[in-house]
Amino acid sequence: SSGINAEYGEGMIAKDFCKTKLRTAVNQLTSSWGTAEIYFQSEDITPPSMAMVKLPTKIPLIRQVSDHHGNLDLRNMLRDEYNIECKVANFGEMGNYLRLSFAIYNTLEDVDILDNAINDIAARHDS
């Protein structure tokens, strides 16, 4: 089989494998954090291996850099303290979100590490 149609786990092609594992990861994180996922209006524009997951409300407003107002540079914190690379963003009144990407080299253990890191950061900012 060609690289594009190679089978991964349970006999699935890469796209379906990643989509299935992503759904598992989203369910785990939203359950653990008590949050939700942003759903796109159309499946035509929904990336099969990406999702936007709302972060716990205990995490203060995210900024690109930490500042003296208590806003976090969460992306660098995740990278520096937990060796996790992911995009985070603040959408105003909608809150803080994390872009979750799942590729064939990711594991559900990686999701556990992310889950624990976010819960740890949220606990530090619980006031």
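A residue is called buried when its relative accessible area is under 20%, exposed when it is over 50%, and partly exposed in between, as computed with a 1.4 Å probe on protein chains only. The model on display is predicted: local features need pLDDT of at least 70, side-chain atom pairs count only at pLDDT 80 or more, and totals for chains, interfaces and linings use all residues. Residues are numbered from 1 along each chain as its sequence is written, and side-chain values use heavy atoms, with hydrogens and water left out.

Select Glu 37, which is buried at a relative accessible area of 12%. The term salt bridge denotes a side-chain nitrogen of Lys or Arg within 4 Å of a carboxyl oxygen of Asp or Glu. Helices (H or I, at least four residues) and strands (E, at least two) are DSSP runs, numbered from the N terminus. The structure holds 5 salt bridges.

**Second stop: Arg 124 and its partners**

Move to Arg 124, which counts as partly exposed at 43% relative accessibility. Which residue forms a salt bridge with Arg 124 at 2.9 Å? Select Glu 81: its closest N and O atoms with Arg 124 are 2.9 Å apart. Here, too, distant parts of the chain are linked, since Arg 124 is in helix 3 (residues 108–124) and Glu 81 is in helix 2 (residues 74–82), 43 residues apart. Glu 81 is partly exposed, at 45% relative accessibility.

Now select Asp 120, which forms a salt bridge with Arg 124 at 3.5 Å between the closest N and O atoms. Because Asp 120 and Arg 124 are 4 residues apart in helix 3, about one helical turn separates them. Asp 120 is partly exposed, at 34%.

Finally, select Asn 96, in strand 6 (residues 96–101). Is Asn 96 buried or exposed? Asn 96 is buried, with a relative accessible area of 6%. Its side chain makes a polar contact with the side chain of Asn 90 at 2.8 Å. A polar contact is a pair of N or O atoms within 3.5 Å; within protein, one must be able to donate a hydrogen and the other to accept it, and residues adjacent in sequence count only if both atoms are side-chain atoms. The side chain of Asn 96 also reaches the backbone oxygen of Ile 59, at 3.3 Å.
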